[in-house]
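Dear colleague,

I am passing on the structure that we talked about, and my notes on it follow below. Please look through the model first and then read the notes beside it.

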Amino acid sequence: MLPQRREVASVVVCEDDTPTLELLCDNLVADRFGVLPAPSASDALRLCRYKQPDLMLLDLTLPDASGLDVLQEIREADGIVSRFDPRLPVIVLSGRGAEEDRVRGLEFGADDYVVKPYVYSELRARIAAVLRRVDDIVVDPGRRRVWVGGREVHLSKKEFSLLRVLAADPHRVFSKRELLGEVWAYRTPTKTRTLDSHASRLRRKLDPERARFVINCWGVGYRLLDG
């Protein structure tokens, strides 16, 4: 008797280019993911409504709607009448690699943004990273809300802005100069404890017991997740 196949997670793959869709689905199946192909926005929304997937890979250029419209509809769902899970992890796959495109995708609520052409092994690692943090920390930029392990965390405006920047690439170390520029619009190096004090408060609010988030990389800056 053959052993039962255990799927890692179910994934909606929304991609309108048939060869790309088939190749990506084949790779995911080989890595024990359950795949739900969606060549259009309407297909993706239908699958998200009735199949309750664990994650969605979302192209932005679709034949019937923008991928950002799909993302916005999911993020604005109430989780009851619409039957969408507003916290569904979504990774955008797009040929648009400009900074404003990536920022826009994250502001609409994407958990990660991968620019085409991508290496499948890197995409697989990003999928694993997003799935790992699903039960820990969820950031909803559109509604400016944050949950940790299902517990909603209330942040100040600057604390949320700092978290949003760190969450855009959670394992990357952002320098203090970068963060001061992104969050406080400082354009020249300056001596201030503003970043450190906000990072400390943010860390305590996200995880007061174990301090798992907002890692201080001494002398350099901060990253959201360790490892």
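**Notes on the structure**

R32 counts as partly exposed, because its relative accessibility is 42% (buried means under 20% relative accessible area, exposed over 50%, and partly exposed in between, with a 1.4 Å probe and protein chains only). Please bear in mind that this is a predicted model, in which local features need pLDDT of at least 70 and side-chain atom pairs count only at pLDDT 80 or more, while totals for chains, interfaces and linings use all residues. Residues are numbered from 1 along each chain as its sequence is written, and side-chain values use heavy atoms, with hydrogens and water left out.

**Backbone details in the loops**

R32 lies in the loop between α1 (18-30) and β2, where helices (H or I, at least four residues) and strands (E, at least two) are DSSP runs numbered from the N terminus. Although R32 is not a glycine, its phi is positive, at about 70°. A second residue of this kind is Q52, which is other than glycine and has a positive phi near 50°. Q52 follows α2 and sits in the loop between α2 and β3; with a relative accessible area of 43%, Q52 is partly exposed. In the loop between β5 (112-115) and α5 (120-134) you will find P117, and the peptide bond that joins K116 to P117 is cis, with omega about -5°.

**Helices α2 and α3**

Helix α2 (residues 41-51) packs with helix α3 (residues 67-75) at an angle of about 25°, and their axes are 10 Å apart. Axes here are lines fitted to C-alpha atoms, for helices over the stretch in contact, and angles run from 0 to 180 degrees between N-to-C directions. The two helices, α2 and α3, are therefore roughly parallel to each other (angles under 35 degrees count as roughly parallel, over 145 as roughly antiparallel, 65 to 115 as roughly perpendicular and the rest as oblique). The crossing of α2 and α3 is right-handed, a term used if the near helix is turned clockwise from the far one by less than a right angle, with left-handed for anticlockwise. On the α2 side the contact is made by A41, L45 and C48, and on the α3 side by V70, E73 and I74; contact means heavy atoms within 4.5 Å. By class, this contact of α2 with α3 has five nonpolar, no polar and one charged residues (Ala, Val, Leu, Ile, Met, Phe, Trp, Tyr, Cys and Pro count as nonpolar, Asp, Glu, Lys and Arg as charged, and the others, Gly among them, as polar). The buried residues in α2 are A41, D43, A44, L45, L47 and C48, and what covers the buried residues of α2 includes β1 (10-14), β2 (34-38), β3 (55-59) and α3.

**Helices α6 and α7**

Helix α6 (residues 157-167) is largely enclosed by the rest of the structure, because eight of its 11 residues are buried; they are E159, F160, S161, L162, L163, V165, L166 and A167. The axes of α6 and helix α7 (residues 176-184) come within 9 Å and cross at roughly 125°, and α6 and α7 are therefore oblique to each other. This crossing of α6 and α7 is also right-handed. In the contact, K158, S161, L162, V165 and L166 of α6 meet L179, E182, V183 and W184 of α7, and the residues divide into six nonpolar, one polar and two charged.

Three strands form an open, antiparallel sheet in the order β6-β7-β8, where two strands pair if DSSP finds at least two bridges between them. The edge strands are β6 and β8 (151-153), each of which pairs on one side only, and the twist averages 25° from one strand to the next. Strand β6 (residues 137-140) has both faces covered, with I137 and V139 buried on one side and V138 and D140 buried on the other. Four bridges join β6 to strand β7 (residues 145-148) in the antiparallel sense; V138 stands opposite W147 in β7, and the bridge partner of D140 in β7 is R145.

Lastly, P208 is placed in the loop between α8 (194-206) and β10 (215-217), and P208 is exposed, with a relative accessible area of 59%. Not counting residues up to four places away in sequence, P208 touches R151 and R203.

With best wishes
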